[in-house]
Amino acid sequence: MKSRRTFLVGGLCAASALPAVALPFSASADHLVRSPFCGKDYGTTPWQPAGEYFLEGAPERVNLADDDPGGVTVELFGSVFDSHCHPVIGARIDIWQSDHFGQYDEEGFKLRGHQVTGPSGTYCFVTVIPAPHDDDPPHFHTRVIGPAGKRLTTNVYLPSDGKGGGGKVDPSLIAISDAWGEIRRVRFDFVL
Ligand SMILES: [Fe+2]
């Protein structure tokens, strides 16, 4: 019998092979040209420090969740846009995070991975909800490198944590909840 996690990996993130990733209904083509985080009122995605846990060379993959079998699965998906809200093709997105105990794998590539955006500029990871650490609410570390070399390092926070962040979390770095029940799915768009 397929596990719940196997089902999830076979869901949104596996809707098409890397690097192109299909978006769900709620992220239809309209959102590709006008997302909540892309437009004249928003600017580019704010930078945040990479912290001390980044490792170069994380493998290209969709499923990070199997690295933390006790964690709660969440799908993190979205697009990379340029400042004119056009999808960026060929952008590399690295993600690294703590496990559900708040621990980072400092020697290997557990809960680390990267993807390269396809023709629609999208990405999709199946991972787990990280625990808070160092007084920070749960977050995904990310680095995006555009095909022309433009770089962005930032953190992506979960929507449920933004409410309790006490003003600490920049609202523009909080992912949008696309589903938050038995299936948890959040969207975050990067604007380079
Ligand atoms: Fe962190």
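**Exercise 1. Which residue is the bridge partner of Ile95 in E3?**

*Solution.* 

Step 1. Start with the bridge itself: Ile95 is partnered by Gly113 in E3.

Step 2. Widen the view to the two strands. E2 covers residues 92-96, E3 covers residues 112-116, and the two pair in the antiparallel sense over five bridges.

Step 3. Now turn to E5, which spans residues 139-145 and is joined to E2 by five bridges, again running antiparallel. Two pairs to look for here are Ile93 opposite Val144 and Trp96 opposite His141.

Step 4. The open sheet has four strands, E3-E2-E5-E6, with antiparallel pairing. E3 and E6 are the edge strands, each pairing on one side only. On average, neighbouring strands in this sheet are turned by 20° against each other, direction ignored.

Step 5. Finish with burial. E2 is largely enclosed by the rest of the structure, because four of its five residues are buried.

**Exercise 2. Which strands does E1 pair with, and in which sense?**

*Solution.* 

Step 1. With E4, the pairing is antiparallel and runs over seven bridges. Glu75 stands opposite Val126 here.

Step 2. With E8, residues 184-187, there are three bridges and the strands run parallel. Leu76 faces Val186 across this pairing.

Step 3. With E9, two bridges are found, also between strands that run parallel. The pair to find is Val80 and Phe190.

Step 4. Check how covered E1 is: nine of its nine residues are buried.

A reminder for this exercise: strands of a sheet pair through backbone hydrogen bonds, either parallel or antiparallel.

**Exercise 3. How many residues does the largest nonpolar core have?**

*Solution.* 

Step 1. The largest nonpolar core has 35 residues. Those with the most contacts inside it are Cys13, Leu76, Cys124, Phe125, Val156 and Ala175.

Step 2. Ask where the core comes from. E1, E2, E4, E5, E6 and E9 each supply at least two of its residues.

Step 3. Zoom in on Ala175. Leaving aside neighbours within four places in sequence, its contacts include Leu76 and Val156, along with Tyr157, Leu158 and Pro159. Val186, Arg187 and Phe188 are also in contact with Ala175.

Step 4. Among contacts with a separation of 6 or more, 74% join residues 24 or more positions apart.

As background, nonpolar side chains tend to be buried together in soluble globular proteins.

**Exercise 4. Is Leu111 buried or exposed?**

*Solution.* 

Step 1. Leu111 lies in the loop between E2 and E3. It has 27 other C-beta atoms within 10 Å, and the threshold for burial is 20 or more, so Leu111 is buried. Its phi is near 55°, a positive value in a residue other than glycine.

Step 2. Cys85 is found in the loop between E1 and E2. With 18 other C-beta atoms within 10 Å, Cys85 is partly exposed. Phi of Cys85 is also positive, near 70°, and this residue is not glycine.

Step 3. Asp134 sits in the loop between E4 and E5. Asp134 counts as exposed because it has 8 C-beta neighbours inside 10 Å. Its C-alpha atom is separated by 9.0 Å from that of Gly102, which is 32 residues apart from it along the chain.

**Exercise 5. What is the mean pLDDT of the chain?**

*Task.* Decide where to read the coordinates with care.

*Solution.* 

Step 1. The mean pLDDT is 82, and 78% of the residues reach 70 or more.

Step 2. Find the low stretches. Residues 6-10 stay under 50, and the model has nine contacts for them beyond four places in sequence. Residues 16-35 are also below 50, with 34 contacts in the model beyond near neighbours in sequence.

Step 3. Apply the rule of caution: where pLDDT is low, the predicted coordinates should not be read in detail.

Definitions and conventions
Residues numbered from 1 in each chain as written. Predicted model: local features only at pLDDT ≥ 70, side-chain atom pairs only at ≥ 80, totals over all residues. Buried ≥ 20, exposed ≤ 12 C-beta atoms within 10 Å, placed from the backbone. Pairing = 2+ DSSP bridges. Contact = placed C-beta atoms within 7 Å. Core = buried A, V, L, I, M, F, W, Y, C linked by C-beta atoms within 7 Å. Axes fitted to C-alpha atoms, helices over the stretch in contact; angles between N-to-C directions. pLDDT = per-residue confidence, 0-100.
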